[in-house]
Amino acid sequence: MAVWWEPTQAELADRNGESPFVLPEFLEESNFQHLYKGTGEPRSVDAKELAASFALAVNAFVQHYWTCLKDYEVTMDHQVEGSGHLALEEMMLRWYDDLVDHFGIGLDPEATIKMYTSGTMVAIRRVFKICSLEPDGTPYPPETSFPEGFHLGQVGRPTSIEASDEIGRTKQCLFRPFQYPDGIPGLDYHAFINTNFSDWTSRRPVHFFERKPFHRALNCAICQDSPNVLKAVMKIIMDINFFINSVHHEGGVFYSGVGVGESLHLVKPGAKLRMPRFLSTTTELKFAKSRLTDKIGPALLVVRVPHGFWGARDISAFSSCPEENETMFCAYALFLVERVSVIKMQGQDVSRIDLLALDKYEGIQYPDDAYPPFHHAPIDIDELGAYDSYVRQYS
């Protein structure tokens with residue numbers, strides 16, 4: 001099974017994971033823009049195309065550069081290897097019905113946003129970078145040992161591997177989710193993916209499958225600028241952007257707790273930066289800081305949005321958790337860094353980054369008086385601490 005439906009909205013703090021900044025010019029050079037062909041004019045997407053895009057996305061998450069040149073093989077973990085085209089044709093009608101039933105795809109304009117913000121999970125193949133697998137099932141190089149708790153054919157991340165893709169043993173032993181797995185010891189990966197399983201007698205990649213929320217898989221593909229996955233999910237991305245850009249925002253001050261990782265070095269006052277993902281923000285500080293200290297390069301974003309802004313939308317009216325007062329920005333939103341400071345949370349340094357929301361393509365210039373006043377008010381650490389154990393209660 002490659003999809004686990006969960007229509008209930010996932011917590012905002014869960015959806016804002018690793019969120020590195022990039023320089024503005026990266027967009028024009030990106031695989032994202034070459035596939036998206038953004039012009040500043042939002043475009044809607046037909047329901048059938050959205051269902052097809054979802055099916056292709058699920059396949060791309062699982063296959064990890066497996067190509068249609070390969071034949072089929074059912075593995076120990078009951079995942080179908082190979083191109084998966086026949087499986088896709090079989091699942092298309094079923095998934096289309098599920099997308100309609102759970103989210104109203106083709107019926108409600110906010111359907112794609114509901115799917116994106118939901119807790120729906122997908123399967124992702126994770127590939128080891130430290131070794132390959134001999135035909136007899138032993139690792140190569142011979143001195144390599146698998147992480148504690150790992151066994152071949154495993155579904156689920158070994159408990160000995162940290163959850164982050166950026167630090168610790170994970171960075172050392174796993175490729176990132178959609179990274180091309182080049183340089184595996186003893187294995188020519190290009191030859192492997194272009195040879196049928198029935199004809200391949202040499203070493204193979206070592207992998208396992210784990211479940212990730214659909215929104216995290218989607219943002220991971222955007223953040224990594226992964227062409228094979230972006231091609232599959234692009235219709236979904238286009239429809240989300242279309243919905244966000246269908247209205248102008250009332251403006252205000254919004255918070256978001258993210259992990260900016262190594263991109264923190266780009267964050268300097270006066271710099272213009274993009275966020276290569278869909279960014280969720282809130283007017284409620286308690287939701288923005290929830291689990292912030294678990295992130296890599298934790299940062300509290302404080303974003304000033306002008307009245308009449310085009311490129312973000314208040315989605316609380318369509319949310320199963322309206323108390324979050326969520327505003328969502330389109331992918332590759334553009335910001336101006338106003339100020340950078342450091343606050344302490346649970347004994348850990350957290351960067352506070354004050355940002356000004358700009359038009360994505362800088363075609364619209366908003367006057368200063370359209371923005372809420374800038375004030376670098378101190379964050380109440382006692383207030384933050386009061387919410388350290390905050391857990392949403394579903395009604």
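Guide: In helix H9, the buried residues (under 20% relative accessible area, with exposed over 50% and partly exposed in between; 1.4 Å probe, protein chains only) are Phe 214, His 215, Ala 217, Leu 218, Asn 219, Cys 220, Ala 221, Ile 222, Cys 223 and Gln 224. The model is predicted, so local features need pLDDT of at least 70 and side-chain atom pairs pLDDT 80 or more, while totals for chains, interfaces and linings use all residues. Residues are numbered from 1 along each chain as its sequence is written, and side-chain values use heavy atoms, without hydrogens or water.

Helix H9 spans residues 214–224 and is largely enclosed by the rest of the structure, because 10 of its 11 residues are buried. Helices (H or I, at least four residues) and strands (E, at least two) are DSSP runs, numbered from the N terminus. After H9 comes Asp 225, which has a positive phi near 55°. Helix H10, at residues 227–244, is also mostly covered, with 13 of its 18 residues buried.

Across the whole structure, 0 disulfides (cysteine sulfur pairs within 2.5 Å) are found. Cys 131 is likewise in no disulfide, its nearest cysteine sulfur being that of Cys 173 at 8.7 Å. Cys 131 is buried, at 0% relative accessibility.

Charged pairs come next. There are 9 salt bridges, each a side-chain nitrogen of Lys or Arg within 4 Å of a carboxyl oxygen of Asp or Glu. One of them joins Glu 210 and Arg 157, with N and O 3.1 Å apart. Glu 210 belongs to strand E6 (residues 204–213), whereas Arg 157 sits in the loop between strand E5 (139–140) and helix H7 (168–173), so that distant parts of the chain, 53 residues apart, are linked. Both partners are buried: Glu 210 has a relative accessible area of 7%, and Arg 157 one of 18%.

A further pair is Glu 338 and Arg 304, at 2.5 Å from N to O. Glu 338 is in strand E13 (residues 333–345) and Arg 304 in strand E10 (residues 298–305), so this bridge ties together parts 34 residues apart in sequence. Here Glu 338 is partly exposed at 23%, but Arg 304 is buried at 12%.

Lys 344 pairs with Asp 349 at 2.8 Å between the closest N and O atoms; Lys 344, at 47%, and Asp 349, at 44%, are both partly exposed. Finally, salt bridges with shared partners connect Arg 126, Arg 157 and Glu 210 in one network.

Terms used:
The bend at a residue is the angle between axes fitted to the seven residues ending there and the seven starting there.
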